[in-house]
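Hi,

Here is the structure I promised to send over. Have a look, and my notes on its charged pairs follow below.

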Amino acid sequence: MSGNSILVLNGPNLSRLGKREPEIYGHQTLDDINRGVAESFPDIRFDFFQSEEEGQLLEKLFECEDRGGFIGVILNAGAFTHYSIALRDAISAVGLPVVEVHLSNIFAREEFRRSSVISEVCMGVISGFGANSYHLGVRSLLGITPRKKRITVAVNGD
């Protein structure tokens, strides 16, 4: 894999981090999380992008593939995780490994949150580690070998 850039792509409602249900998602803002990731991996260039709109997320994925130089994508798709076939198809279409991340443990929450239509086409899923889920996602991308196709990490929400 060539390049040393990583796209960190965030979907709907993540712009509200720090204000939206802090007992579930924590008190850090998305800017705090992005800054922490960039500071933890100073040798990596990050392209941070957040949108409430599905189409903009798709366009950003395609743009990064077309530009080249990207190691892969860290994706917190928010609610699109559970129903966006368009996002799933875009992940399949691009030639970049994608790590699905979630701040909360989606497997210990409401039934509808336990289902992800994008997991099947992602390299792996990291769920339940708060802001550290992003850091673990970066580490996963940096450690890719051709034999590692899928990694799933989840913790019990108790």
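I counted six salt bridges in this one, and keep in mind that the model is predicted.

Start with helix α2, which spans residues 30-40. Arg35 pairs with Asp32 there, and their closest N and O atoms sit 2.8 Å apart. The two are three residues apart in the helix, so about one helical turn separates them.

Next is the bridge between Lys60 and Asp47, with an N to O distance of 3.2 Å. This one ties together distant parts of the chain, since Lys60 belongs to helix α3 (residues 54-67) and Asp47 to strand β2 (residues 45-50), 13 residues apart. Are these two buried or exposed? Lys60 comes out as buried at 11% relative accessible area, and Asp47 is buried too, at 15%. The cut-off for buried is under 20%, so both values qualify.

Back in helix α3, Glu63 and Arg67 are four residues apart, about one turn of the helix. Their side chains form a salt bridge at 3.0 Å, N to O. Glu63 is partly exposed, with 34% relative accessible area. What I'd look at on screen is how these pairs connect: through shared partners, salt bridges join Asp47, Lys60, Glu63 and Arg67 into one network.

Cheers

How values were computed: Residues numbered from 1 in each chain as written. Predicted model: local features only at pLDDT ≥ 70, side-chain atom pairs only at ≥ 80, totals over all residues. Heavy atoms only, no water. Salt bridge = Lys/Arg side-chain N within 4 Å of Asp/Glu carboxyl O. Buried < 20%, exposed > 50% of the residue type's maximum accessible area, 1.4 Å probe, protein only.
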